[in-house]
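Please read them with the model open.

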Number of protein chains: 2
Amino acid sequence: MPVYKAPTRDARFVINEVLKLESYSNLPGFEQATADMIDAVIEEGGRFTAEVLAPLNLSGDQQGCTRNADGSVTTPSGFKEAHAQFREAGWGTLSAPEQFGGQGLPHVLGFAMEEFVSSANQAWGMYPGLTNGAVSAILAKGSAEQQAKYLPKMISNEWLGTMNLTEPHCGTDLGLIRTRAVPNADGSYAITGTKIFISAGENDFTANIIHLVLAKTPDAPDSTKGISLFIVPKVLVNDDGSLGARNAVSCGSLEHKMGIHGNATCVMNYDGATGWMVGEENKGLAAMFIMMNAARLGVGVQGLSQAEAAYQNAVQYAQDRRQGRALTGPAEPDQKADTLFVHPDVRRMLMDAKAFTEGMRALCLWGALQVDLTHKAATEEERQMADDLISLLTPVIKGYGTDKGFDTAVNMQQVFGGHGYIEEWGMSQFVRDARITQIYEGANGVQAMDLVGRKLAQNGGRAVQAFFALVDAEAAAAKAKPELAGLAERVEKANGELKAATMWFMQNGMTNPNNVGAGAHHYMHMMGIVALGLMWLRMGEVAAEALAAGTGDAAFYKAKLVTARYFGERFTPDAGALRRKIEGGAEAIMELPVEAFARA
Amino acid sequence: MPVYKAPTRDARFVINEVLKLESYSNLPGFEQATADMIDAVIEEGGRFTAEVLAPLNLSGDQQGCTRNADGSVTTPSGFKEAHAQFREAGWGTLSAPEQFGGQGLPHVLGFAMEEFVSSANQAWGMYPGLTNGAVSAILAKGSAEQQAKYLPKMISNEWLGTMNLTEPHCGTDLGLIRTRAVPNADGSYAITGTKIFISAGENDFTANIIHLVLAKTPDAPDSTKGISLFIVPKVLVNDDGSLGARNAVSCGSLEHKMGIHGNATCVMNYDGATGWMVGEENKGLAAMFIMMNAARLGVGVQGLSQAEAAYQNAVQYAQDRRQGRALTGPAEPDQKADTLFVHPDVRRMLMDAKAFTEGMRALCLWGALQVDLTHKAATEEERQMADDLISLLTPVIKGYGTDKGFDTAVNMQQVFGGHGYIEEWGMSQFVRDARITQIYEGANGVQAMDLVGRKLAQNGGRAVQAFFALVDAEAAAAKAKPELAGLAERVEKANGELKAATMWFMQNGMTNPNNVGAGAHHYMHMMGIVALGLMWLRMGEVAAEALAAGTGDAAFYKAKLVTARYFGERFTPDAGALRRKIEGGAEAIMELPVEAFARA
């Protein structure tokens with residue numbers, strides 16, 4: 001059975017030592033987040049996920065979900081009970097607003113917990129995870145009445161929530177949706193249509209599920225400008241908060257998927273179901289993007305989570321499995337063979353995973369802090385800077401984080417050799433589960449276009465210029481420190497390649513926008529490398545200071561410096577290659593007629 | 001249901017126009033291989049695989065294999081009947097020696113057919129595929145009596161064959177095997193032990209299965225120098241060729257795997273089974289490597305095959321699915337949305353797959369020609385050159401071909417968005433099936449070490465120097481041609497990076513062999529890029545000549561030139577990045593103690 005131990009020391013390192021969360025104690029919600037409190041939440045969250053959720057991961061994959069004849073869905077053994085424990089412990093309330101029963105803690109803590117949950121059991125974690133997305137939309141756009149009616153029970157996880165966007169004929173292009181919302185006399189709407197790929201659409205965790213549904217009103221424009229968002233509860237909620245009649249929404253079938261078998265991916269049928277509009281008519285896309293942005297960061301965390309879980313198992317296997325001898329001569333001559341750890345190519349894969357997961361964890365938690373600062377920072381300037389940075393980097397965290405997260409899970413499976421291909425070892429599941437993260441909440445090609453087509457140019461490029469300046473400033477400072485000079489030079493160089501690619505887009509995108517589209521995915525990866533480089537500079541700096549100060553735990557800090565060096569040597573060179581690919585432009589990509597792709 | 005059309009035009013292009021197989025008609029076996037004959041075999045093979053094997057691929061994945069209470073194994077519906085058709089049509093005999101009932105045709109044709117079979121149904125193709133490996137070992141090392149007894153029926157596919165190497169505690173490190181072979185009075189041996197991961201180990205295709213088994217004789221040295229190879233038939237064969245008693249070998253269980261569900265991956269129990277030694281005692285590893293080298297090329301072809309099958313389906317989907325608008329304005333304003341083909345990032349993925357599959361097909365077929373020339377070329381010099389090149393490139397074809405083949409299948413799945421994750425669409429299967437190719441017949445890290453640790457230095461580096469010279473000569477010649485100058489410069493540059501990396505290994509491997517191990521995988525990928533570059537130079541040259549000569553089919557040749565350009569722009573830049581990674585060396589990789597990898 002696969003192992004899992006929440007990386008609490010690493011999370012605390014980032015939160016307390018790198019982000020220095022305590023230094024924000026002047027901001028609302030942060031005042032409670034003392035180092036002691038943070039440590040307690042992280043350790044207890046780590047214990048819960050490792051002890052309660054992780055043991056259900058492999059069995060959940062093997063059992064999957066079952067749709068019963070009455071349309072109800074049974075989740076794998078233990079899932080429902082684990083959710084009851086999660087709910088009772090209040091894990092869903094961590095960073096939700098106190099006004100609706102949340103604990104109002106910084107998102108940083110919520111994200112740390114999301115990583116642990118998802119590493120332990122991604123399919124399970126999606127049930128409360130989707131609820132968070134639905135909550136954020138109601139928080140941002142719901143009426144006071146809607147907020148009061150739904151949010152407390154969703155935040156407490158008494159009810160769950162879902163997001164209903166995709167239809168059989170459209171996913172990315174939501175302007176094509178066909179689900180209709182016809183006004184009823186009482187101000188509600190009758191919702192009719194079919195939604196597919198609805199994660200957690202039906203399940204046995206809770207007495208009610210609050211669906212957020214995109215649909216078109218009768219006179220809506222036939223485009224993305226004609227989409228509205230609706231609350232459609234599975235069970236109607238009376239004014240006193242008690243449950244009323246069953247609504248006309250049901251799960252038509254479950255999908256057979258490559259992974260996340262423990263999550264019920266539903267076809268949802270709306271047959272004149274009663275719904276209530278959230279926010280303004282025809283402004284559903286904006287509300288949807290609030291859900292999506294939160295969800296995209298969450299998916300980036302999932303990319304990290306599967307890489308981390310797979311990494312831990314590969315480390316264990318590489319210690320246990322003896323095969324061959326060190327190239328420098330037997331490391332343990334009294335044994336018949338050395339462990340896999342002596343082989344440089346095995347270590348290369350493990351170091352790669354270590355450098356990615358630790359860098360990505362820092363980036364996700366730093367991103368969570370920006371989410372908080374967007375709303376809570378003391379000055380308008382700080383709020384804008386945080387908003388700029390997290391808007392810019394959301395597609396990078398989602399797209400680069402899940403691409404590299406998947407590749408890492410694949411490499412960790414590779415460490416196992418043939419055993420990695422056998423389901424009982426669990427490595428296949430990490431790969432299969434990680435695979436969806438590159439696809440859902442906007443496929444990574446869509447993330448790349450969001451980055452280069454929207455985020456780069458916003459406000460005259462203010463965000464990307466701020467990012468470049470931030471990286472250059474920190475790299476310049478780090479060059480003065482002998483332990484970090486090599487990394488700093490490499491990150492600075494990668495940042496230079498990124499600037500050059502940005503310039504190339506500006507110069508070549510006007511004449512032909514396909515030049516930007518053809519390089520978008522490469523650009524997203526470049527920015528991911530530079531962003532992780534920034535994180536490694538910061539982590540390296542803290543580690544160097546701790547070692548100089550002799551604060552103890554020297555092995556931990558030394559490992560950070562070695563891993564930072566590895567990152568510089570093995571991650572940053574790709575930035576130059578990606579730039580050269582971008583500069584190839586669109587010509588060879590767009591030239592061939594469609595027929596030329598067919599085989600004869 | 002997934003589509004498949006054998007890429008016969010592309011195969012014929014490589015065989016007839018690029019390799020110019022007819023020009024070898026002076027060599028034995030090649031004299032029959034006229035262009036007409038080649039075209040007939042390719043087209044008929046394409047038809048057979050598309051019509052008979054491809055329709056069983058998805059259902060085979062869904063049904064999997066079943067081990068019955070008596071230890072027999074039932075394969076998916078239709079598999080057995082398809083094999084009967086395959087056998088009757090003589091597809092297994094294509095490039096087998098005429099002496100044992102084969103057709104004696106060049107391996108080039110056998111490889112082309114292997115690709116089609118594997119694209120259509122990889123799990124099915126492994127049944128006859130493993131037989132080929134077993135045949136090659138008996139051909140090389142078996143006694144005349146063994147050859148006469150087993151080869152005709154194995155070549156005709158009346159019986160199948162398997163390869164039994166791996167044991168629960170060892171795969172890569174075969175020196176650790178525990179299976180024993182105790183001599184019987186009659187010259188046979190009693191084989192006892194457990195083998196795992198035995199593909200096609202038991203099945204219902206044929207009346208007999210000839211297992212080739214690695215085992216140790218009682219006084220054998222306790223290392224790879226103490227391994228012998230044995231023939232262990234499932235059913236003993238009488239001297240007159242009729243079947244005798246059932247041998248004491250049986251399938252103990254089937255593995256639950258990530259993919260290739262249609263192939264029975266068996267735990268095989270040998271309980272004093274009667275076996276006969278193949279070749280000399282304690283020289284089993286050499287015999288095994290004959291099987292392995294053939295099998296490794298075959299696995300490289302499998303990497304290609306899954307990329308090709310996935311590519312064809314992605315091309316189809318990108319034509320059918322309408323989502324969003326072209327960046328340059330609506331391509332089809334009368335439709336509600338344009339097809340996926342208008343999006344540069346979708347085309348990037350498709351062009352990438354096109355450039356890889358076409359380049360890899362050329363490399364595999366070129367490799368097959370080298371296999372033939374190793375034995376059949378007119379002069380000793382030519383034979384040696386062919387042997388050098390294919391020995392050098394076998395790990396590259398296997399390792400790079402399957403890494404990139406898997407990545408390509410993943411990208412083609414990505415084209416489908418959410419539908420790619422749903423099993424019924426078949427894209428998940430291509431990815432799951434492709435995944436094993438990076439692992440079996442020597443994990444790709446082992447291939448990389450074979451390349452840098454053995455192949456580079458053999459005969460004073462003769463092979464790699466010949467390869468460098470070949471690439472430089474062809475790049476220099478191509479630079480004179482305007483259509484190819486850009487590609488030629490890029491391939492030459494990549495070759496320069498490869499030479500520099502080779503030099504770096506020479507300079508830094510002596511003091512610390514881990515410096516070579518730490519860069520081995522990157523080096524294998526570099527050589528893959530350069531080798532594909534060589535193929536694209538050759539294909540580009542043929543295409544340019546055909547266009548200049550106005551031989552017709554201009555769209556086909558034009559597409560080759562555009563794809564060649566794409567290859568240059570998007571594949572070759574990685575060579576420089578890989579070299580920089582190699583030059584990072586082993587320090588950061590080997591420095592940390594094992595404890596530093598654990599999470600706290």
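1. Buried area here is the accessible area, with a 1.4 Å probe, that two parts lose on being put together, summed over both. Bear in mind that this is a predicted model.

2. Start with the layout of chain A. It is divided into domain 1 (8-146), domain 2 (160-283) and domain 3 (444-591). The C-alpha centres of domain 1 and domain 3 of chain A are 30 Å apart.

3. Next, the interface of these two domains. Between domain 1 and domain 3 of chain A, about 650 Å² is buried, and carbon and sulfur atoms give 65% of that area. On the domain 1 side, A:R9, A:F13 and A:V18 lose the most area to domain 3, together 66% of what that side buries. Seven residues of domain 1 of chain A contact seven residues of domain 3 of chain A.

4. Now the charges. The rule finds two salt bridges across the interface of domain 1 and domain 3 of chain A. One salt bridge pairs A:R9 with A:D553, with the closest N and O atoms 3.0 Å apart. The domain 1 side that touches domain 3 of chain A has three nonpolar residues, no polar ones and four charged ones. Four residue pairs are in polar contact across this interface, both residues being at pLDDT 80 or more.

5. Turn to chain B. B:Q122 sits in helix α5 (residues 107-141) of that chain. Is B:Q122 buried or exposed? It counts as buried, because its relative accessibility is 1%, and the cut-off for buried is under 20%. Beyond its neighbours within four places in sequence, B:Q122 contacts residues including B:N57, B:I260, B:Q302, B:D433 and B:Y440.

Technical notes: Residues are numbered from 1 along each chain as its sequence is written. Chains are lettered from A and ligands numbered from 1 in the order in which they are written. This is a predicted model: local features need pLDDT of at least 70, side-chain atom pairs count only at pLDDT 80 or more; totals for chains, interfaces and linings use all residues. Side-chain values use heavy atoms; hydrogens and water are left out. Helices (H or I, at least four residues) and strands (E, at least two) are DSSP runs, numbered from the N terminus. Buried means under 20% relative accessible area, exposed over 50%, partly exposed in between (1.4 Å probe, protein chains only). Contact means heavy atoms within 4.5 Å. Domain bounds come from an automatic or database domain assignment. A salt bridge is a side-chain nitrogen of Lys or Arg within 4 Å of a carboxyl oxygen of Asp or Glu. A polar contact is a pair of N or O atoms within 3.5 Å; within protein, one must be able to donate a hydrogen and the other to accept it, and residues adjacent in sequence count only if both atoms are side-chain atoms. Ala, Val, Leu, Ile, Met, Phe, Trp, Tyr, Cys and Pro count as nonpolar, Asp, Glu, Lys and Arg as charged, and the others, Gly among them, as polar.
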